[in-house]
Amino acid sequence: MQFSKIAQAIQISPIPVFAAQIDKRKKAGERLVNFTVGDFDPAIYPIANELRDEIITAYLEGHTNYPGAAGVEQLRVEISSLLRDKAGVEYDPSAILIASGSRPLILSAYMALVDPGDKVLFPIPSWNNDYYTHLVGATAVLLPTQAKNGFMPTPDVIMPHIKEAALLALCSPLNPTGTVMSAAQTIEICDMVVAENKRRGDKQKPLRIMMDQVYWQLTYGERSMMNPIRVCPEIRDYIIFIDGLSKAYAATGVRVGWGFGPDLLIKKMRAIVAHMGAWAPKAEQVATGRYLAQRQVVVDNLDHFRTRLHQSLGKLYDGFIALKAEGYPVDVIAPEASIYLSVRFDLIGAGKADGSRLETPNEVHKFILEQAKTGILPFSYFGSRDHQNWYRLSVGACSLDDIEYALKKLKASLAQLSFAASSKRR
Ligand SMILES: Cc1ncc(COP(=O)(O)O)c(C=O)c1O
């Protein structure tokens with residue numbers, strides 16, 4: 001009992017551990033395709049030259065002192081203007097808080113809103129809300145989801161828990177699925193939360209939504225992310241948004257994130273972030289502000305980036321559709337957003353060449369790694385027990401060549417398996 005209860009029970013995410021094992025084998029010369037990391041290979045997706053140059057300039061100018069607790073003003077002004085122009089929502093620069101990536105903002109939102117023992121609701125699969133819930137000593141209520149709803153929660157699964165909940169943690173576009181919450185889904189959920197807070201009045205802490213929208217600028221085709229305030233203005237008092245540079249600007253290592261929400265909540269989060277000292281480096285903040293001010297450059301870079309990601313996701317999607325058409329027991333959801341594709345492998349029970357069978361989801365993804373030389377992540381890494389045949393494939397660290405290679409190897413590996421007549425050729 002050397003540590004606090006929280007530290008004794010804290011777990012690290014298995015995702016970087018698995019990704020590191022793959023990287024080690026790659027460095028040793030093995031050809032493996034790594035779809036596991038929610039990150040970018042800078043050799044394939046570098047940050048924009050203009051952002052890189054601004055960062056170097058900001059250091060040369062000597063922006064190496066404390067950045068200030070709220071974050072550099074020009075950056076907050078530019079984010080406010082980006083939100084106005086691209087998301088259609090008005091947030092004053094004073095309602096925006098900068099931190100070293102999105103994670104300290106998520107933790108500070110939890111710390112500002114949730115007491116030990118409170119209930120936090122989040123849909124499954126979900127990225128990291130289990131860890132944040134644990135860090136504040138709260139109780140997680142896992143909301144079941146279905147593929148046909150893009151793995152987004154529906155009002156009927158929220159309703160039974162709504163009266164006791166302190167926080168509803170949502171993410172759209174969703175990591176791990178690459179799906180987007182529709183305007184109709186957003187309205188239904190926000191209306192429920194507003195109605196619940198009217199019922200609570202002043203007697204109980206309000207129910208808040210944390211909307212993690214770090215992928216909102218990476219949507220494809222007809223899909224776009226509808227900001228909840230546009231469809232339900234009354235939710236504004238109860239919603240905190242998490243956003244940042246990491247994903248939409250391929251800048252996970254630059255560490256600039258921002259949150260925006262009600263003034264008082266932002267002030268509390270600012271104090272928490274300040275005590276952690278989890279500010280983004282000042283030079284990066286100055287540079288990001290100057291970069292975002294070059295609006296047309298930013299728009300062009302984002303378009304180019306999005307086109308490339310969509311091309312990769314599309315190639316992977318088409319590959320799985322072809323495998324499905326050939327009768328292999330796989331399925332896939334068309335890419336809507338982000339860098340992720342949801343793929344289903346119904347391989348449990350399949351017979352291997354050595355006469356044994358694939359018995360568990362773990363054996364399936366090990367088989368895919370060893371035989372198809374392809375690293376994929378089961379939804380169980382995102383807390384899901386119900387969707388054991390679903391996997392997240394991330395294209396951020398893969399070239400088009402890698403994708404082609406992986407599809408070829410996957411097909412050859414699936415061809416080695418024998419399937420019961422009912423599972424193949426469905
Ligand atoms: C949904 C979601 N939110 C937040 C983050 C963390 O972002 P950052 O690197 O800015 O801390 C990630 C990273 O994978 C993510 O997928």
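**Arg236 lies over the face of Tyr91, 4.1 Å from the ring centre.** For a charge to sit over a ring, NZ of Lys or CZ of Arg must be within 6 Å of the ring centre and within 35 degrees of the ring normal. Arg31 does this too: its charged end sits over the ring of Tyr405, 3.9 Å from the centre. Bear in mind that this is a predicted model, where local features need pLDDT of at least 70 and side-chain atom pairs count only at pLDDT 80 or more, while totals for chains, interfaces and linings use all residues. Residues are numbered from 1 along each chain as its sequence is written, and side-chain values use heavy atoms, with hydrogens and water left out.

**Arg25 and Glu370 join their side chains in a salt bridge.** Searching the whole structure turns up 20 salt bridges, each one a side-chain nitrogen of Lys or Arg within 4 Å of a carboxyl oxygen of Asp or Glu. For Arg25 and Glu370, the N to O distance is 2.9 Å. Arg25 is in helix α2 (residues 14-27) and Glu370 in helix α13 (residues 361-372), so this pair ties together parts that are 345 residues apart in sequence. Helices (H or I, at least four residues) and strands (E, at least two) are DSSP runs, numbered from the N terminus. Arg25 is partly exposed at a relative accessible area of 25%, and Glu370 is partly exposed at 36%. As for the wording, buried means under 20% relative accessible area, exposed means over 50%, and partly exposed is in between (1.4 Å probe, protein chains only).

**Arg290 and Glu61 make another salt bridge.** Their closest N and O atoms are 3.0 Å apart. Arg290 belongs to helix α11 (residues 282-293) and Glu61 to the loop between α3 (49-60) and α4 (73-87), so here parts 229 residues apart in sequence are tied together. Both partners are partly exposed: Arg290 has a relative accessible area of 24%, and Glu61 has 44%.

Glu164 is partly exposed at 46% relative accessible area, and Lys119 is partly exposed at 27%. Back in the Arg25 view, salt bridges with shared partners join Arg25, Glu30, Glu370 and Lys373 into one network.

**What kind of aromatic pair do Phe151 and Phe379 form?** The count comes to 16 aromatic pairs; rings of Phe, Tyr and Trp (its six-membered ring) pair if their centres lie within 6.5 Å, with planes under 30 degrees apart called stacked, over 60 edge-to-face and the rest tilted. Phe151 and Phe379 are edge-to-face, 5.3 Å centre to centre with 75° between the planes. They sit 228 residues apart and link distant parts of the chain, with Phe151 in the loop between β4 (139-143) and α7, and Phe379 in the loop between β12 (377-378) and β13 (390-394). Phe151 is buried, at 0% relative accessible area, and Phe379 is buried at 0%.

**Phe241 and Phe260 have planes at 15° and centres 4.8 Å apart, so they are stacked.** This pair joins distant parts of the chain, Phe241 in strand β7 (residues 239-244) and Phe260 in strand β8 (residues 257-260), 19 residues apart. Phe241 is buried at 0% relative accessible area, and Phe260 is buried at 0% as well. Elsewhere, ring pairs link Phe40, Tyr45 and Phe305 into a cluster.

**Residues around the ligand include Gly101, Ser102, Arg103, Trp127, Cys171 and Asp212.** They qualify as near by having a heavy atom within 4 Å of the molecule. An N or O atom in the side chain of Asn175 is 2.7 Å from a ligand oxygen, and one in the side chain of Tyr215 is 2.7 Å from a ligand oxygen. Ser246 puts a polar side-chain atom 2.7 Å from an oxygen of the ligand. On its own the ligand has 400 Å² of accessible area (Shrake-Rupley method, 1.4 Å probe), and the protein covers 97% of that.

Asn129 is in helix α6 (residues 129-135) and is buried, at 7% relative accessible area.

Conventions
Polar contact = N/O pair within 3.5 Å; in protein donor to acceptor, adjacent residues only side chain to side chain.
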